[in-house]
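Subject: Structure handover

Hello,

Here is the structure, with the sequence alongside. Notes on what was found in it follow below.

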Amino acid sequence: SGHRPSIDFMFRSAARNGISGYAALLTGMGQDGALGLKELLQTKKFVTFAHDQESSVVYGMPAKAVEFGAANYQGSPAQIRRFWNQVISKGLKNSA
């Protein structure tokens, strides 16, 4: 995308290396990260999030992610954090 560092590059690298996890694209201008987030989602190994418009300072990058169908969920950073905390606590209980 011409940005350095590039969020698209980082997300695409994760998608192509077979790892799994959670990824969020937060407030920002342009569309860097939106296509990479979609690649993560398409691996079916990632749960993806986009910052919601209501709490974004600049709704450019997350808006593109939503437009491209790259986000499983949208929410504020606090909502995303709560979701991750729930998932992590369930995962720790399951591994104990």
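By the rule used here, the count comes to 3 salt bridges, a salt bridge being a side-chain nitrogen of Lys or Arg within 4 Å of a carboxyl oxygen of Asp or Glu. Before the details, please note that this is a predicted model, in which local features need pLDDT of at least 70, side-chain atom pairs count only at pLDDT 80 or more, and totals for chains, interfaces and linings use all residues. Residues are numbered from 1 along each chain as its sequence is written, and side-chain values use heavy atoms, with hydrogens and water left out.

One of the salt bridges joins Glu39 to Arg12, with the closest N and O atoms 2.8 Å apart. This pair links distant parts of the chain: Glu39 is in helix H2 and Arg12 in helix H1, 27 residues apart. Helices (H or I, at least four residues) and strands (E, at least two) are DSSP runs, numbered from the N terminus. Leaving aside residues up to four places away in sequence, Glu39 touches Arg12, Ala15 and Arg16, where contact means heavy atoms within 4.5 Å. The C-alpha atoms of Glu39 and Lys90 are separated by 26 Å, and these residues are 51 apart along the chain.

The two helices themselves are H1 (residues 7-16) and H2 (residues 34-42), whose axes come within 7 Å and cross at roughly 15°. Axes are lines fitted to C-alpha atoms, for helices over the stretch in contact, and angles run from 0 to 180 degrees between N-to-C directions. On the H1 side, Asp8, Phe11, Arg12, Ala14, Ala15 and Arg16 meet Ala34, Leu35, Gly36, Leu37, Glu39 and Leu40 of H2. By class, the contact of H1 with H2 has 7 nonpolar, 1 polar and 4 charged residues; Ala, Val, Leu, Ile, Met, Phe, Trp, Tyr, Cys and Pro count as nonpolar, Asp, Glu, Lys and Arg as charged, and the others, Gly among them, as polar.

Now the sheet. It is open, with 3 strands in the order E1-E2-E3 and parallel pairing; two strands pair if DSSP finds at least two bridges between them. E1 and E2 (residues 46-51) pair over 5 bridges, and Gly21 stands opposite Phe46 in E2. H2 packs on the sheet, touching E1 and E2, and its direction makes about 150° with that of E2.

Regards
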